[in-house]
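Subject: Structure for you to look at

Hello,

Here is the structure I promised to pass on. Please open it first, then read the notes below.

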Amino acid sequence: KEVANLTDAEREVLAALLTGSTNRHIAHRRKCSEHTVANQVQSIFRKIGVHSRSELPVRLQCEAWDPTRA
């Protein structure tokens, strides 16, 4: 649900974050500045409701789990 609120650029950054990429690596691959990536990371955190990279996969896994399907 929260992932649907991300921009296309934020989704790309999120995918890279989930593979363990650094801001520098993401910026290099996306041909943008590290500052831009850092801003996108903060926006992703805010929209998904996490405070760190380590929380991302846990939050996304919880979001994907639907207790009504169990």
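Start with the charges. The chain carries 11 positive and 8 negative charges. Their mean positions lie 4 Å apart. Please keep in mind that this is a predicted model.

Now the fold. The chain has four helices and zero strands. From the N terminus, the order reads α-α-α-α. The C-alpha trace spans about 40 × 20 × 20 Å along its principal axes.

Next, the surface. The accessible area of the chain is about 4800 Å². Carbon and sulfur atoms account for 54% of that area. Of the 70 residues, 30% count as buried.

The largest nonpolar core holds 15 residues. Those touching the most other members are Val 13, Leu 14, Leu 17, Ile 44, Ile 48 and Leu 56. Helix 1 (8-18), helix 2 (23-30), helix 3 (34-48) and helix 4 (55-64) each contribute at least two residues to this core. Helix 3 gives the most, with five residues. As a general point, nonpolar side chains in soluble globular proteins tend to be buried together.

Which residues does Leu 17 contact, leaving aside neighbours within four places in sequence? They are Ile 26, Val 41, Ile 44, Arg 53 and Leu 56.

Best wishes

Conventions:
Residues are numbered from 1 along each chain as its sequence is written. This is a predicted model: local features need pLDDT of at least 70, side-chain atom pairs count only at pLDDT 80 or more; totals for chains, interfaces and linings use all residues. Side-chain values use heavy atoms; hydrogens and water are left out. A nonpolar core is a set of buried Ala, Val, Leu, Ile, Met, Phe, Trp, Tyr and Cys residues joined through side-chain atoms within 4.5 Å. Buried means under 20% relative accessible area, exposed over 50%, partly exposed in between (1.4 Å probe, protein chains only). Contact means heavy atoms within 4.5 Å. Accessible areas come from the Shrake-Rupley method with a 1.4 Å probe; for residues, only the protein chains shown count as cover. Lys and Arg count as positive and Asp and Glu as negative; His and the chain ends are not counted. The place of a charge is taken as NZ of Lys, CZ of Arg, CG of Asp or CD of Glu.
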